[in-house]
Amino acid sequence: MTYAAPGAFAPVSRLDSALATFNVDKPTLVLDTELVAQQYHALKLGLGFAHIHYAVKANPTREIIERLVEIGSHFDAASRGEIELCLSQGAEPQHISFGNTIKKPGDIRFAHNAGITLFAADAEEELEKIAENAPGAEVYIRVIVENSQADWPLSRKFGCRASMVPDLFARAVELGLSPLGLSFHVGSQTRRAEYWAPVLDSVAEIWNDLKARGYAPSLLNIGGGFPAFYGDPIDTPTSYASKVMALVTERFGAVARVMAEPGRGMVAEAGAILAEVVLVSKKSDDDAHRWVYLDIGRFSGLAETEGEAIRYQITTERDFDEFGPCILAGPSCDSADVLYEKRPILLPLSLKSGDKVVIRNAGAYTSAYSSIGFNGFPPLDVIVI
Ligand SMILES: *Cc1c(COP(=O)(O)O)cnc(C)c1O
């Protein structure tokens with residue numbers, strides 16, 4: 001059996017100092033917006049002329065949006081609420097794309113009235129809604145990615161097949177919309193830039209087909225997928241992003257406008273969760289495995305442990321003691337609330353109830369997923385430093 005390596009200590013950063021000083025009595029995500037800004041600049045350096053539209057859903061904490069507006073980020077919003085959040089922090093409406101392909105007419109109208117001009121679609125009915133509620137809008141067509149090698153792939157829920165794209169372009173023109181180009185999502189946590197190559201190949205085929213039919217696509221939205229560090233080695237953000245852009249240029253040549261929508265890659269490493277061990281137990285005297293129960297689980301912030309897909313690194317104050325495997329679980333009375341069992345994780349053998357643990361690089365898709373206190377356990381608190 002292979003076990004995840006115990007979490008490594010990062011050099012003492014502003015975030016680490018904050019984690020060491022805070023004394024909290026419920027699971028708390030501590031976020032350093034300075035780290036978000038650093039990550040933005042590092043990604044921007046690699047992405048070159050491409051515009052960054054931060055995918056707000058990864059972490060909608062107000063201070064993150066405020067900081068990103070200050071340093072010139074654009075935004076990908078999926079709902080009226082996310083649009084209102086970005087506008088309230090001073091984002092220009094022309095810097096916000098309404099990237100959800102499933103929008104209510106009233107929300108499209110709201111966005112249009114707020115000055116938003118760029119919308120995503122992957123179906124004829126969606127184009128009709130956009131034409132009616134945001135007449136003359138710019139649209140891009142989202143296509144399905146078939147060959148994702150991501151750790152957290154996005155399903156067939158979004159995008160249309162290649163064969164539908166020309167029809168949707170034609171329909172958009174008929175409806176008085178301006179179809180600018182294509183979007184896709186390579187799958188979240190795509191650990192290596194090389195994994196983008198086959199996906200970009202298939203999108204380029206659609207792009208070239210559009211050109212052959214007399215369209216002049218000018219917008220390529222490469223979506224998210226930029227990875228965060230969860231234990232397996234990854235490239236630096238700048239190197240990863242520049243490799244992706246090189247793959248894009250190889251296939252698409254000079255594109256007038258490229259958008260990238262990092263979510264996880266922008267915020268995951270800017271935050272860590274302070275949590276606590278509630279119980280360490282064995283199911284029988286000869287049970288080979290310890291069970292370690294935390295005060296945070298699948299339903300209070302760690303949703304991405306579903307399928308053990310995202311493996312967070314966990315550090316404790318006992319990391320100088322001997323380590324052993326354990327099954328890690330959350331506190332709620334739902335048997336699905338087990339974080340890691342198929343691949344147990346290594347934690348110090350001396351770990352016991354009351355010990356503080358730090359869940360590293362947990363700034364993405366945690367607080368956003370824990371807005372309701374399932375089973376009476378408090379949703380993840382957030383402190384911005
Ligand atoms: C969720 C989402 C993203 C962000 O994906 P990450 O893998 O977190 O970078 C980008 N674009 C769209 C349309 C999304 O739905």
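At roughly what angle do the axes of helix 8 and helix 9 cross? To find out, select residues 196–212 for helix 8 and residues 237–252 for helix 9, in what is a predicted model, and you will see two axes that come within 10 Å and cross at roughly 35°. The crossing of helix 8 and helix 9 is right-handed.

Next, show the side chains where these two helices touch. On helix 8 the contact is made by Trp-196, Ala-197, Leu-200, Asp-201, Val-203, Ala-204 and Trp-207, while helix 9 contributes Tyr-240, Val-244, Leu-247, Val-248, Arg-251 and Phe-252. If you colour the residues of this contact by kind, you will find 11 nonpolar and 2 charged, with no polar residue among them.

Now step back to the whole chain and colour it by domain.

How much area is buried between domain 1 and domain 2? The area is about 1700 Å², and carbon and sulfur atoms give 61% of it. On the side of domain 1, select Glu-269, Tyr-365 and Val-384, which supply 30% of the area that domain 1 buries against domain 2, more than any other three residues.

While you are at this boundary, you may look for salt bridges between domain 1 and domain 2, but the count there is 0, although the structure holds 24 salt bridges.

For the last stop, select Arg-171 and Glu-128, which form a salt bridge whose closest N and O atoms are 3.2 Å apart. Arg-171 lies in helix 7 (residues 165–174) and Glu-128 lies in helix 6 (residues 124–133), so this pair ties together parts that are 43 residues apart in sequence.

Definitions and conventions
Residues numbered from 1 in each chain as written. Predicted model: local features only at pLDDT ≥ 70, side-chain atom pairs only at ≥ 80, totals over all residues. Heavy atoms only, no water. Axes fitted to C-alpha atoms, helices over the stretch in contact; angles between N-to-C directions. Helix = DSSP H or I, 4+ residues; strand = E, 2+ residues; numbered from the N terminus. Left-handed = near helix turned anticlockwise from the far one by under 90°. Contact = heavy atoms within 4.5 Å. Nonpolar A, V, L, I, M, F, W, Y, C, P; charged D, E, K, R; others polar. Buried area = accessible area lost by both parts, 1.4 Å probe. Salt bridge = Lys/Arg side-chain N within 4 Å of Asp/Glu carboxyl O.
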